[in-house]
Structure formats: structure tokens, C-alpha cells
Amino acid sequence: MSKGVLLFCFDTEHTQYHKILERCVRLVKKNICNDITVVTNLETYKKLKPLGLINYKLIQPELGNKKNGLPWYNADRHMAYELSPYEKTLVIDIDYFCFTSNLAQMFDTDYDFLVSDTAFDLSNRNSFDARRFSMIPMVWATVLFFKKNHIVKNIFDTVKYVKQHYSYFTEMYRIYAKNFRNDYLFAIALQQANGFVGYEKLPFALPTLPPDCEVLNISNNGLTWKYNDQISFVENQDVHVLNKEVANV
Amino acid sequence: MDISELKKQSDLSYDRAIAKRNALEKANSRLVVVYNEHLFRADPETICLVSTLKKLYDSFCVLDTNNNPVEINDPKDFLSVLVTRNQESINAYQQVYKTFTRRDK
């Protein structure tokens with residue numbers, strides 16, 4: 001059964017996501033697997049350094065979404081099922097740095113679809129609890145694992161349907177975020193597709209560094225960050241970095 | 001103790017508390033292990049359960065992290081996988097913990 005990692009990467013005029021991708025690919029190759037497919041556009045592809053044997057899929061990203069007032073091309077995740085050439089796929093955000101092989105073992109499982117429902121704030125402030133306003137359990141679409149079969153195809157069809165009627169569903173489920181987020185999209189779709197009774201999850205919280213933490217250094221096995229006057233570091237632990245300035249580190 | 005000494009002490013304690021909390025979370029993440037295509041946590045509860053069931057039965061069922069029943073036909077192998085992962089994770093945590101102790105001295 002083929003297995004691999006699917007990554008989405010589109011540069012914007014403000015953020016050079018391709019630099020984050022280059023770092024991410026190195027870590028995925030080292031710790032997860034060598035089969036990688038990158039979904040990108042021609043403009044971003046042209047800027048990439050040679051990354052070895054990588055499968056590229058060039059598409060035009062969907063425009064219109066914004067984050068903090070700046071363009072944000074994140075609205076193509078719903079096509080992961082069709083874009084993945086693998087029977088078992090790990091979809092990982094490029095700002096999720098895999099410093100461990102923890103995710104690699106997901107390929108040895110037989111689950112249809114796995115997603116994480118919690119994030120662990122590495123700066124010790126529980127910054128992500130604000131998402132409790134909504135009426136449904138939230139998920140983090142940062143890491144998704146899925147197997148190709150008709151059940152998962154139905155989940156992704158539901159994701160597409162929810163995306164088409166995104167503002168209706170966010171209103172219905174009391175989700176106050178004004179921009180489009182894959183986390184909410186998948187939370188709603190999974191709730192709908194699984195009969196409103198829950199679904200299978202990754203059994204760990206995603207270690208996450210909030211956007212106000214400045215990454216100072218990234219090595220082969222960890223990173224150092226600064227928050228106010230405190231400097232902290234992690235080693236041999238996966239980290240989801242929300243501060244996009246990490247592209248310039 | 002002057003105020004700058006107090007601030008230094010307080011900052012050190014804060015740094016240590018965060019580092020310890022993050023190291024513990026890292027250890028918890030590493031406890032997740034795959035067996036028979038299912039996810040388990042190699043925590044003390046699972047190890048004790050499997051160890052007890054192994055003494056009584058040659059094969060038995062346990063629940064994975066998503067509450068799916070999984071048949072275990074080789075309890076010795078399963079227990080070995082759980083214990084190995086548990087100790088790998090806790091030993092790594094101990095190494096990090098030692099660095100806090102050294103920093104305090």
C-alpha cells in the first residue's frame with residue numbers, strides 16, 4: 001500500500017512560504033518518509049531550491065482569504081483526497097516541523113481518518129482555549145491522516161459541501177472567526193459526515209508555538225524561541241509554528 | 001534578598017517550570033505506539049492491564065485510544081512493545097530533567 005506526505009505551499013507577497021517548505025521537507029525526509037508530494041503554484045515552484053526527489057502538483061490557489069489583513073492561500077486543503085497519489089496520506093502544514101518520527105507510525109495503522117482535536121501551547125498560556133465558543137468540538141487540520149476508501153471520499157465530499165456553504169455553517173455552529181479556516185471546515189464536515197456522534201482522533205495534542213513567540217533559531221532537532229524576555233527551546237519534539245516570520249530564520 | 005536576586009530566582013523557576021511542562025508533554029506524545037494497526041498509549045494503566053491479562057489468558061481484547069477493541073494474540077510481544085516505548089519516553093524525560101537540576105546548582 002503506497003504511503004506518503006502531502007504538503008501545500010503557496011507564497012504570498014508578504015510571506016515566503018517556500019522557505020518554510022524547504023525546511024519542512026528536510027525534516028519530513030529525515031523523520032517521516034521520503035515519498036512527498038508538494039501542491040504549489042508555478043510562481044512558488046520557481047523559487048524553490050532543489051529538494052531531491054519530490055512529486056510536485058501545480059495548481060492555481062483559490063484567492064480571497066485573508067489572515068491579519070494579508071492574503072492567505074489556504075483554501076485548497078479540501079482537494080487533498082484527489083491530489084494525493086498515495087493510498088495512505090499524511091497531510092501536514094508546512095509550518096509543522098517534524099523533529100520526531102511520531103507521525104511516521106500513523107502509516108502502520110488501519111484507521112480511515114485521523115485528526116487532532118487539541119493543541120498544546122508551548123509558551124504555557126493555554127492560548128488556544130478561546131475556540132470553545134463554538135457548538136461543536138474543534139479540530140486542528142494541521143495534521144491529517146487518511147486512507148483512500150469510500151468512507152473517506154464521503155468525508156472529503158462533505159468537506160467540499162461545507163466549504164461551498166461556509167458562512168452558513170459557521171453561523172450555525174457559532175464560529176466567530178471571520179476568515180476561512182481549514183480547522184473549522186474539517187470540524188464541521190467531520191461532525192456532519194459522522195452523524196454528529198464523534199470520530200477517531202490522533203491521541204496527542206499538537207505542540208504549538210503561538211504567533212507572538214519569535215523563533216530565534218532552528219536546528220536539525222529543535223528550535224529556540226523568545227516570548228517577552230523569556231527564551232525557551234524544545235528538542236526532539238514536533239512544533240507547529242504560528243509566527244510566519246519563521247520563514248526568515 | 002534584593003529585588004534583582006528575587007527576579008532572577010523567579011525567572012529561573014518560571015523557565016524551569018515551562019521546560020519541565022514541555023518535556024513532560026513531549027514524553028506523553030512519545031508514549032503513543034502502534035500495534036496490530038491500532039494506536040495505544042504505553043502508559044502505566046495500559047501496561048498494568050496487559051501485564052495482568054497476560055497472566056490469565058493467552059489472548060485477549062483491549063481497547064485502543066479510539067475505544068476500538070483489538071485482539072491481542074501475542075501478549076508477551078505486546079507487553080514488550082509497551083514497556084520499551086514507555087521506558088524510551090521516560091528515560092528521555094529524565095535526561096531533560098537532569099539538565100534542570102544541573103542548571104539550579
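This is a predicted model: local features need pLDDT of at least 70, side-chain atom pairs count only at pLDDT 80 or more; totals for chains, interfaces and linings use all residues.
1. Let's start with what sits over α6 of chain A.

2. How many of the twelve residues of α6(A) are buried? Eleven of them, so to speak mostly covered.

3. With 1.5 Å a residue, twelve residues should span 16 Å, and the end C-alpha atoms of α6(A) are 16 Å apart, so the two agree. Just past the helix, A:G195 has a positive phi of about 70°.

4. Now the core. The largest nonpolar core counts 87 residues, and among those with the most contacts inside it are A:F186, A:A189 and A:L190, along with A:L7, A:L90 and A:V115. α6(A) is the top contributor to this core, giving eight residues.

5. Leaving aside residues up to four places away in sequence, A:F186 touches A:V115, A:V139, A:A141 and A:V159.

6. Next, the sheet. It is open, with six strands in the order β3-β2-β1-β6-β10-β8 (chain A) and mixed pairing. β3 (55-58) and β8 (113-116) of chain A are the edge strands, each pairing on one side only. On average, neighbouring strands are turned by 20° against each other, direction ignored.

7. Inside that sheet, β1 (residues 3-9) and β6 (residues 88-92) of chain A pair in the parallel sense over four bridges. Which residue of β6(A) is the bridge partner of A:V5? Look at A:L90.

8. α1 (residues 17-31) of chain A lies across β1 and β2 (36-40) of chain A and runs at about 165° to β1(A). α6 (residues 182-193) of chain A packs on the sheet too, touching β8 and β10 (140-147) of chain A, with its direction at about 50° to that of β10(A).

9. Last, the contact between chains. On the chain A side 17 residues are in contact with 19 residues of chain B. Strand β14 (residues 230-235) of chain A supplies the largest share of that chain A side, three residues. By class, the chain A side has six nonpolar, seven polar and four charged residues.

Terms used. Residues are numbered from 1 along each chain as its sequence is written. Chains are lettered from A and ligands numbered from 1 in the order in which they are written. Two strands pair if DSSP finds at least two bridges between them. Helices (H or I, at least four residues) and strands (E, at least two) are DSSP runs, numbered from the N terminus. Axes are lines fitted to C-alpha atoms, for helices over the stretch in contact, and angles run from 0 to 180 degrees between N-to-C directions. Two residues are in contact if their C-beta atoms, placed from the backbone, lie within 7 Å. Ala, Val, Leu, Ile, Met, Phe, Trp, Tyr, Cys and Pro count as nonpolar, Asp, Glu, Lys and Arg as charged, and the others, Gly among them, as polar. The expected span of a helix is 1.5 Å times one less than its number of residues. A residue is buried if 20 or more other C-beta atoms lie within 10 Å of its own, exposed if 12 or fewer, and partly exposed in between; C-beta atoms are placed from the backbone. A nonpolar core is a set of buried Ala, Val, Leu, Ile, Met, Phe, Trp, Tyr and Cys residues joined through C-beta atoms within 7 Å.
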